Amino acid sequence: MFVRTYAGAIAGVDAVTVAVEANCSGSGIGLELVGLPDNAVRESEQRIRAAFDNSGLRMTSRMIVVNLAPADLRKEGSSFDLPIAVSILAVTQQIPADIPAESMFAGELSLDGSVKSVRGVLPSALRARAEGLRRIVVPRDNAAEAAVVDGIEVIPVSTLSEVAAYLRGELAIEPAQPAEAQQSAAAGRFAEDFSDVKGQARVKRALEIAAAGGHNVIMIGSPGSGKTMLARRLPTILPPLTREEALETTKIHSVAGKLGTGRGLLATRPFRSPHHLVSQVAMTGGGQSPQPGEVSLAHNGILFLDELPEFGRSVLEVLRQPLEDKHITVSRARYTIDYPCNFTLVAAMNPCPCGYYNHPDRECTCPPGAVHRYTSRISGPLLDRIDIHIEVTPVSVSEIGADRVEESSATIARRVMQAREIQRRRFAGVEGVHTNAMMNSRMLREFCPLDQAARTMLERAMERLRLSARAYDRIIRVARTIADMEGAADISAAHIAEAIQYRTLDREQR
């Protein structure tokens, strides 16, 4: 007897349909798994046997061959436990053989027969819908994640015996419903707020511009000046995720196993803050069993690198291509995978090893040449890709104790949304471009014409600071965002002048 059901194999951030074929022959005894399974899939035989015994189900004494097709695609992970078990149930006639053929299954089996959560359920559900399947059966802890996909039944299960009873028609299970309403209500709640930050008006202005235009930003200041505090409040003024962005972001976190149990679409933009000891593979993605790295986990959100010069040189240099292309291709001997990584880079650093260079009250103790060596750990090409360089000075005691009410994140966010709406209309006919920071050179010529005064000012700054052509384009992008925030149709010399002021490190290195 021959039966077929379906599973999903993760490839990058998407799923590939895997046909789980089972055949029961008259000769031999046991279970044979073929189709390029990895160790975790091969070990499923022991988990399945124990789960059958503890669920009141029976394994046949005849030979069962289970093939995972296509046979040239390596199958990895424990999510194949449940589809293999269901194929065995069907081929041994413990459930109707026709029902599994219109379903996809995902789940890891415990020895007691319970179905445990797995990663990558959301892309599997999307793949099942694309294949025209009727339903996907998933662990109960993954049901909210899969339920965000329209057009397919999501059946949540807790045990293997429950799966068997449902497929026999003995147990009715209501399909899971999306919990987007609750998530949307929680989307705007943050523990931090810009109203907590005393003073720092110039830095707040720079971060507002970064949020409005999607610009990368680096803050330079002494310890305790508020760099990290300001960076952690940047997500509170970013626009909410669109449904398309939420699906993209949730898929990545699902594949990486970072979504957690019982969660549907991500409600807020991700904020990733890896330690400076992070490896190159952890930053970019890949590994023996490929997974997204920090740059992809920050997709549609923020990647915050605190103490930037302390990161490894190779880790920093590998960011150059993702910052330009908004995706990263990880190539190894066994695979080539493309991960999306459209993130905003926010970095923070001290001005010198001791941290007090140019401090108004404390003296720098670094030896001669130490400041230059410290800042030169960040290469020129990487700095060129950071649009806004802003110096963060310590807040005075009088400002800390002042009773002045600071602007809230909600107030700043409204201005950011107005600027983003202008950009949405501007790029309505351009696929893949949503913010000013994403414009290429052709778009700069179309959307950012400069009058003579603005062009003269920019040319003088280029000569005096000896900026690169990339910095030239980025100054114009920032100026375009400043103009959008003011509701101005054209870029003026004042907008260019402010954008030039956000090239602090360029000035210091000349």
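Reply: Helices (H or I, at least four residues) and strands (E, at least two) are DSSP runs, numbered from the N terminus. The model is predicted, so local features need pLDDT of at least 70 and side-chain atom pairs pLDDT 80 or more, while totals for chains, interfaces and linings use all residues. Residues are numbered from 1 along each chain as its sequence is written, and side-chain values use heavy atoms, without hydrogens or water.

Let's go for the second largest pocket, at about 510 Å³ (an open set of 1 Å grid points where a 1.4 Å probe fits, with protein on both sides within 12 Å along at least five of seven lines; lining residues have an atom within 4 Å of a point). Its lining is made of 26 residues, and Ala9, Ile10, Ala11, Arg74 and Glu76 are the ones nearest the centre. Strand S1 (2-11) gives the largest share of that lining, four residues. Helix H4 (121-130) and strand S16 (336-340) also put in at least two residues each. By class, you get 13 nonpolar residues, eight polar and five charged.

For a comparison, look at the largest pocket, whose volume is about 1200 Å³. There, 44 residues make up the lining, and Asn342, Val433, His434, Thr435 and Met438 lie nearest the centre. Helix H18 (409-426) is among the elements supplying at least two residues, and the largest share, five residues, is from H18. The classes in this lining come to 14 nonpolar, 15 polar and 15 charged.

Technical notes:
Points joined across faces, edges and corners; volume = space filled by probe spheres on them. Nonpolar A, V, L, I, M, F, W, Y, C, P; charged D, E, K, R; others polar.
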